[in-house]
Amino acid sequence: MHVVVLGAGLAGLSSAFELLKAGHRVTVIEKESYAGGMACSWKKGEYWLDHGPHRFHSRDEKLIEHLYEILDNEVVIRERLSRIYMQGKFFHYPLKTQNLFQMKKSLMIKAMWDYVWIRFVQIFKKIPDDNFENWVVKRFGHTLYEIFFGSYTSKAWKMPCTQISADWASQRISQANLWDTVKKTLRPPKGGEVRSLVSEFWYPAVGGIGQIGRKYAEKIEKMGGTLQLSSPADEVIIEDGRATRVGFTSKGEKKWVECDHVVNTIPLPRILQAFRPAVGSDVKKAIGNLDYSAIVFVYLEVDKPSVSPDHWVYLPEKHLTVHRISEFKNFSDDSAPGDSTCVCCEMTCRVGDDLWNLDIEAATEIAIKDLVTLGLIEPGTARGLDFTKLKYAYPIYDLTYKENLNVLKKEVKRVKNLHTTGRQGLYRYNNMDHSIAMGRRIAKTLIQGADARADEVAAGQEYFG
Ligand SMILES: Cc1cc2nc3c(=O)[nH]c(=O)nc-3n(C[C@H](O)[C@H](O)[C@H](O)COP(=O)(O)OP(=O)(O)OC[C@H]3O[C@@H](n4cnc5c(N)ncnc54)[C@H](O)[C@@H]3O)c2cc1C
């Protein structure tokens with residue numbers, strides 16, 4: 001069996017790895033000149049840089065074992081720390097009861113009153129879970145929604161929270177409501193429950209998060225797999241409901257590869273646009289209705305050993321352009337020298353808008369200004385180290401995304417030997433562990449000829465960290 005895998009992110013690589021292990025022929029076609037996809041890393045001077053903060057966490061022990069196998073046991077375990085920084089104070093995230101006591105007394109009383117009030121109101125009239133704002137307000141009250149959830153979310157998504165699907169809230173907020181937050185703070189769950197997922201994570205000891213992708217690529221090539229880098233796939237020939245050939249461009253030349261199966265991990269709208277014959281107008285319309293949020297990353301070198309102990313810090317205040325910062329040094333000692341640090345500043349945007357069009361100088365100036373305003377760095381102590389952009393960073397879960405996505409899913413299912421998976425292949429807001437699990441399950445399905453239920457990974461209302 002010859003399997004063509006589209007995309008060398010973690011979903012594509014893990015799938016290729018398992019297929020090769022089982023003795024099948026595999027060709028991986030990747031647009032970029034490197035493997036790892038969004039979870040790649042690159043070296044700049046003395047620093048390893050990632051696409052924003054990447055923590056690997058999972059409750060699946062077998063998956064953790066797999067990670068150790070891929071990384072040849074070169075793994076570090078870290079205690080998670082991520083907080084919200086506003087009004088000159090750090091607040092815990094996910095929300096903890098202590099946050100209430102960090103607030104001004106009057107605000108704390110208002111927050112508690114709002115919560116009691118919203119619970120009372122709902123005895124008579126249930127608030128529907130029909131958008132992000134309603135989902136949170138009904139569980140935490142208006143004040144906490146405004147302070148801890150609404151302001152950050154609308155800033156990061158660049159849209160009002162009433163236009164964001166409640167699915168996103170249920171996946172991303174780990175507590176059921178304020179009372180649940182209080183209970184979890186007073187009596188944290190034991191063992192393998194949510195808390196262990198939240199409090200610990202795994203990271204490569206060397207080479208940044210991209211070491212996972214690099215190690216997969218190394219092992220894939222050792223097993224005889226073909227890794228075709230710098231080769232965007234642009235056509236899939238479909239005959240009698242089956243994909244028979246995939247076309248890609250390499251060094252300016254059009255090339256074709258025959259296939260028995262295709263594992264797709266490139267963005268779902270893009271693979272459908274590559275179908276020959278082309279998809280119908282209803283599918284084209286649904287594709288046009290699905291959008292992505294992009295990210296501009298600015299990497300600053302700062303002349304002090306540390307800016308904060310956090311892995312990342314959310315910055316919800318609207319007068320700042322940067323919405324999150326992270327420090328790779330806190331993930332692994334190998335990521336930065338001892339006497340200085342690198343702060344990664346993220347700014348969400350849409351492809352083509354003013355932020356997306358910034359150049360490195362302008363973006364660096366904004367990032368430095370924001371960090372100085374916050375008092376996290378002193379003027380004259382930071383400079384631009386690097387700059388990068390990610391086009392397909394987050395699928396946008398607006399109020400109609402599900403209908404449009406269902407049209408795309410139905411269309412792709414028509415091609416019996418094309419299996420779409422991973423964050424991009426499913427338009428799903430999932431993490432690295434999920435992408436690896438999906439890729440491995442697709443491989444298992446092909447190897448065993450029985451459905452290993454890749455679609456069920458990260459499909460429920462689970463907590464995504
Ligand atoms: C800012 C940020 C922070 C994150 N933090 C975390 C975290 O802390 N923990 C966590 O677990 N996850 C995190 N994630 C999510 C994680 O990065 C992804 O879940 C995972 O990397 C997705 O892997 P994938 O293979 O499914 O997709 P991708 O990595 O997107 O892989 C798809 C691949 O397809 C390639 N491709 C696209 N078009 C074509 C084409 N036409 N032809 C050939 N190849 C093509 C791409 O170049 C890419 O290599 C984060 C994501 C972002 C954006």
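**Exercises on domains, ligand shell and helix packing**

The chain is divided into domain 1 (2-40 + 210-290 + 399-456), domain 2 (82-199) and domain 3 (292-395), with bounds from an automatic or database domain assignment. This is a predicted model, in which local features need pLDDT of at least 70 and side-chain atom pairs count only at pLDDT 80 or more, while totals for chains, interfaces and linings use all residues. Residues are numbered from 1 along each chain as its sequence is written.

**Exercise 1.** Describe the shell around the ligand.

*Solution.* Step 3: at least two residues come from each of α1 (10-21), β19 (382-395), α15 (422-426) and α16 (432-448); helices (H or I, at least four residues) and strands (E, at least two) are DSSP runs, numbered from the N terminus.

**Exercise 2.** Describe the contact of domain 2 with domain 3.

*Solution.* Step 1: 13 residues of domain 2 are in contact with 15 residues of domain 3 (contact: C-beta atoms, placed from the backbone, within 7 Å). Step 2: on the domain 2 side, β6 (82-86) and α6 (142-157) each supply at least two residues.

**Exercise 3.** State which residues join helix α5 to α6.

*Solution.* Step 1: the axes of α5 (residues 132-140) and α6 come within 8 Å; axes are lines fitted to C-alpha atoms, for helices over the stretch in contact. Step 2: F132, E133, V136, V137 and F140 of α5 meet H142, L144, Y145, F149, G150 and T153 of α6.

Notes
Near = placed C-beta within 6 Å. Contact = placed C-beta atoms within 7 Å. Axes fitted to C-alpha atoms, helices over the stretch in contact; angles between N-to-C directions.
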